[in-house]
Amino acid sequence: MADLRQEIARRRTFAIISHPDAGKTTLTEKLLLYGGAIQLAGAVKGKASARHAVSDWMELEKQRGISITSSVMQFEYDGFCINILDTPGHQDFSEDTYRTLMAADSAVMVIDAAKGIEPQTRKLFKVCAMRHIPIFTFINKLDRDARSPYDLIEQLETEFGIGTYPMNWPIGSGRDFKGVYDRQAGHILAFTDFHRGSQKIEAIEVDLTDTASLDELIGPRLREDLQNDVELLDGAGYEFDLEQVRTGKLSPVFFGSALTNFGVEPFLKSFLALTPPPLPRQAQEGVVDPFDDGFSAFVFKIQANMNKAHRDRIAFLRVCSGKFERDAEYFHVQGGKTLRLAQPQQMMAESRQIIDEAYAGDIIGIFDPGIFSIGDTVCAKGHKVTYEGIPTFAPEIFAAVERIDTMKRKQFEKGMTEIAQEGAIQIFHAPGSGLEEVIVGVVGILQLEVLEYRLKTEYGVDVRRRGLPYQYVRWIENRDMDLSRLNLGTDSRWVQDFKGNDLLVFGGQWSIRWAEEKNPGLILREFKQD
Ligand code: G4P
């Protein structure tokens, strides 16, 4: 079992989050470069070129230039096996980000040094904070004019209510950017003109006490500023505390420039030393240790149409314990069935590889014939565990969607159901009725556009959509209540989801209170935990 232990202990699985354009793709690309996983800059995502990563699988994404879905990349570095989970930058897909974070053990937040925290950074941070996972901050684009590092740090602390610990400190920015001071090592890494536009250059190291060399390299003014800054940081900032980092209370902050590849490798080394290996996870049966020999995993994402040539659907699983083996039979807990996982795959930028084995911490993609739902558990036979489901976000935007061509009922229902199973939208309908007219609930309006686009391109169905005045949804807990007799406000309605659960949709907060007051005994829940 020594192998199993070693393999799991060297896994590091994390998600990268950022506001669009902060440099998430560039940073990912540079990280992969160190792992030798790709040779070319631009291989992850080239907006300007014809190359597109798995994460850009949809035309709509390309047109909009945003990453809607998320993909997974694995590479090796310094004995570690690293899984990077890419997340959509757009706030309308924060539910997808939340699910992805369920599969990650930590998150890297990329921030543009000229802009500081941006709207999507805010939303995504909130989602990270809900998971209490460690958050590492990479402040990017120091080769351009940047805001004062003090301002940036203060903004993180005041807006996010977390402590920060600068791991390094920038020396100037933009044309004056001269490098960073590594606080642990006590030396500076100098940024020279050679770095601009180059791919992989070793930084020059100079000790902070070596005034003569520093003056030569960065000039007396910046050297003096730096020495003052270092004194101030050492005296005034937070203490470094790994426990606080691991619980998401203290964020280690790194300054750098992903494009010029400056500060990326020191970041990677330091990050790997601090970010945790796969952690134990809560299941209904108790806490599951990742080092258990029994394989277990849960589905955190389902993605259709990854490959245009074959209309297929892939379920992404995070392995939580033990080792996955290609030919073994496993148990799908929610389906109550034994199965052999067809074509287990790992995603690598543009390609997929069939894999023979995977360990706790890894992400595998398996072919889904339509049996999996988000949150499902798959485990070794005779080692049954059931992971706690992934909560469904309460939708805030509602629309009635119906097909234009009345002949296309089957395709419409199939499309709606499949897209809902993937967790891309939530669908509701009048109790007892079919899917003639469907009420769609989403967190962001862009999800509705994606729905329309996919119904048309994948299922050949044109639809008409009409906004509905609802803003809140509550799941009904009661099993034995005659729901047809509920006393509801005029802007409220009883509906069912595609699994047959009963819900109420409401136009305002006050009508939720009304429903609770007028119907004694009614129990409403904000989240549905499957
Ligand atoms: P995203 O995934 O977070 O959306 O950002 P992405 O990496 O695509 O970067 C957005 C833009 O910022 C890109 O320029 C990229 O080259 C640039 N960029 C990223 N990191 C740095 C950095 O450290 N310094 C500077 N100066 N620029 C950086 P673009 O012109 O929009 O796209 P492209 O044509 O270069 O692909």
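A polar backbone atom of Gly-23 sits 2.9 Å from an oxygen atom of the ligand, a polar contact in the sense of a pair of N or O atoms within 3.5 Å. The protein covers 74% of the 700 Å² of accessible area that the ligand has on its own, with areas taken from the Shrake-Rupley method with a 1.4 Å probe. This is a predicted model, where local features need pLDDT of at least 70, side-chain atom pairs count only at pLDDT 80 or more, and totals for chains, interfaces and linings use all residues. Residues are numbered from 1 along each chain as its sequence is written, and side-chain values use heavy atoms, leaving out hydrogens and water.

**Around the ligand**
- The ligand is surrounded by 17 residues (a heavy atom within 4 Å), and the closest are Asp-21, Lys-24, Thr-25, Thr-26 and Asp-143.
- Helix 2 (residues 24-34) supplies the largest share of this shell, three residues; helices here are DSSP runs of H or I with at least four residues, and strands are runs of E with at least two.

**Further backbone contacts to ligand oxygens**
- For Lys-24, a backbone N or O atom lies 2.8 Å from an oxygen atom of the ligand.
- For Ala-258, a polar backbone atom is 3.0 Å from an oxygen atom of the ligand.

**Gly-508**
- The loop between strand 30 (502-506) and helix 13 (509-518) holds Gly-508.
- Gly-508 and Asp-491 are 17 residues apart in sequence, and their C-alpha atoms are 7.8 Å apart in space.
- Leaving aside neighbours within four places in sequence, Gly-508 is in contact (heavy atoms within 4.5 Å) with Tyr-472 and Asp-491.

Notes
Polar contact = N/O pair within 3.5 Å; in protein donor to acceptor, adjacent residues only side chain to side chain.
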